[in-house]
Amino acid sequence: MIPSRSTLTRDQVVDAVTDLLGPDRVETDEATLRAASVDRFRKYTAVHGIHDGPFPAAVVHPSSVEEVSAVLELAQRHRIAVVPRTGGTSTEGGLETVVADSLVVDGSGMDRVLAIDEVDMMATVQCGVRLADLEDQLRARGLTTGHSPQSKPLAQYGGLVATRSIGQLSTLYGGIEDMVVGLEAVLPGGRVVRVKNVPRRAAGPDVRHVLIGNEGALAFVTEVTVKVFRHHEGTARYVGLRTADLATGVGLLREVVVDGYRPAVARVYSPDDARQHFGDHPAGEFLVVLSAEGPARLVEATMAAIEAAVAQVPHTRVEEETIRSWFEHLNWGTDKIEAEKQTMLERAHLGYTTEVAVDWSRTVELYDAVMDRISREFDRAGDLTLLGAHSSHSYQTGTNLYFVYDYDIACEPREEIDLYHRPLNAIIVEEALRVGGSMVHHHGVGKYRTPWMAEEHGSALVLLHGLKQAFDRDNIMNPGSVFPVDAAGDLLGLGETTPVAPVAPDR
Ligand SMILES: Cc1cc2nc3c(=O)[nH]c(=O)nc-3n(C[C@H](O)[C@H](O)[C@H](O)COP(=O)(O)OP(=O)(O)OC[C@H]3O[C@@H](n4cnc5c(N)ncnc54)[C@H](O)[C@@H]3O)c2cc1C
């Protein structure tokens with residue numbers, strides 16, 4: 001636990017924020033505070049009702065940018081730690097309230113779609129708009145966001161932007177960073193900033209990126225404008241095939257992408273990962289999934305290129321309808337979250353993931369190295385019921401690997417994270433960095449990948465530190481996320497007492 005640095009007691013924090021927002025929008029009941037102290041990184045202890053704290057003083061629900069500003073001004077004045085929240089699907093500890101008596105500032109009530117502009121092809125939403133809701137409104141007009149993370153039914157725009165989220169159709173539409181046109185945010189202390197909507201500009205560095213991916217550690221995102229695209233109903237086509245090895249599957253994705261085509265979905269699953277999606281998938285074979293969507297003539301051309309690339313590699317075909325139907329049921333709503341809770345309770349069993357990015361030339365090496373190290377070094381490897389990975393987002397220069405690991409838990413629930421999740425996560429992160437990749441592809445740094453931030457960023461870390469120093473030197477915003485802190489809550493490498501350690505020049 002990091003002690004509160006607030007000049008107010010817990011009761012005074014609650015009184016002050018109640019004066020600002022009114023009692024209806026300040027929650028202080030114990031169950032709410034316990035649930036708000038963690039996210040899905042601690043889903044196993046949470047489902048067992050184990051919450052070791054620290055607990056926030058309150059969960060508050062502002063309904064406007066002015067109210068967010070007033071809360072952040074109060075927080076800055078009294079040094080109250082703030083954890084922004086919207087959809088609550090965070091997986092990396094980003095929502096953990098590591099400082100006692102924090103304020104969880106929940107923007108989910110700011111849920112209005114403010115504008116859909118069919119000429120300039122953009123939509124403006126408040127931070128609490130669920131992606132699925134915007135998508136439904138757009139589809140009714142023949143449009144789409146193009147954004148389709150598996151958390152689409154639950155995730156909201158504040159979190160989607162703050163975590164640099166990415167969706168299943170990313171090869172065609174890009175990640176959220178390719179979609180955000182402009183946005184509004186509140187800085188620590190309450191200043192409101194707006195990055196205006198323009199098609200492009202060259203007026204200095206791109207300031208959208210100070211806010212996109214900030215994980216609530218620099219600012220509270222209140223409003224977002226995203227591009228919208230025409231939706232071409234009924235044109236989507238799917239291709240599925242099995243290959244003998246990862247190199248063939250990844251090579252196929254690479255060939256299609258670097259040849260200049262933009263499939264919507266482009267994935268390769270390892271054998272065990274494929275079997276959790278397709279029960280009849282044969283052992284030992286990799287599964288490749290590609291799709292095309294958009295204007296019919298573009299789909300036709302993309303499909304022709306995919307088929308030409310497929311013809312070059314030994315494979316076994318999977319029925320198009322099998323892939324289409326699987327893809328249409330991939331997303332997670334509350335039903336799957338509830339089913340997962342039952343599994344955790346009834347079978348002492350769960351699954352986690354760690355997603356990293358890697359150049360094409362080192363993808364197979366990374367996969368092999370992780371599989372090898374886990375089998376040799378992880379002393380509870382016998383409890384693993386699934387270990388695999390898929391590549392699900394591809395680029396001109398490389399791809400991601402999304403490692404999946406399920407296990408039976410042979411320990412007290414409280415020990416699960418240290419005995420299973422953290423060592424497995426560490427191996428994957430270390431190997432990704434060793435092969436020159438990124439330790440996090442799209443879930444965010446949260447509070448558990450901060451130990452590797454210096455290695456991740458190398459000499460460029462000073463740029464990130466500069467942002468924290470400029471905007472949140474008192475570390476009010478989501479302490480412990482993105483920027484590592486010591487046990488007293490001091491920013492590591494930022495304060496006068498702990499100067500920035502020299503970092504090795506990039507290799
Ligand atoms: C089942 C499941 C599937 C997922 N699939 C994907 C996927 O396909 N692709 C993907 O990218 N991610 C995925 N995720 C991760 C997660 O859903 C996304 O990162 C999503 O963007 C988080 O949105 P949220 O609204 O739930 O944010 P939250 O969980 O509320 O918050 C996430 C982080 O953003 C910060 N934050 C939230 N709101 C704001 C705000 N208004 N201003 C500033 N900071 C804020 C929080 O402090 C926290 O650090 C998945 C998660 C789950 C549980």
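Helix H9 (208-211), strand S16 (349-359), strand S18 (398-408), helix H17 (453-457) and helix H18 (461-472) each give at least two residues to the lining of the second largest pocket. Helices (H or I, at least four residues) and strands (E, at least two) are DSSP runs, numbered from the N terminus. You are looking at a predicted model, where local features need pLDDT of at least 70, side-chain atom pairs count only at pLDDT 80 or more, and totals for chains, interfaces and linings use all residues. Residues are numbered from 1 along each chain as its sequence is written, and side-chain values use heavy atoms, with hydrogens and water left out.

**Around Thr235**

- You can find Thr235 in the loop between strand S11 (229-230) and strand S12 (237-243).
- Thr235 is buried, with a relative accessible area of 17%; buried means under 20%, exposed over 50%, and partly exposed in between (1.4 Å probe, protein chains only).
- Beyond its neighbours within four places in sequence, Thr235 is in contact (heavy atoms within 4.5 Å) with Ala292, Glu293, Gly294, Ala296 and Val299.
- Thr235 and Ala311 are 76 residues apart in sequence, and their C-alpha atoms are 23 Å apart in space.

**The sheet**

- Four strands form an open sheet in the order S1-S2-S4-S3, with mixed pairing; two strands pair if DSSP finds at least two bridges between them.
- Strand S1 (26-27) and strand S3 (82-85) stand at the edges with a single partner strand each, so one side of each has no neighbour in the sheet.
- S1 pairs with strand S2 (residues 58-60) in the antiparallel sense over 2 bridges, and Glu27 stands opposite Val59 in S2.
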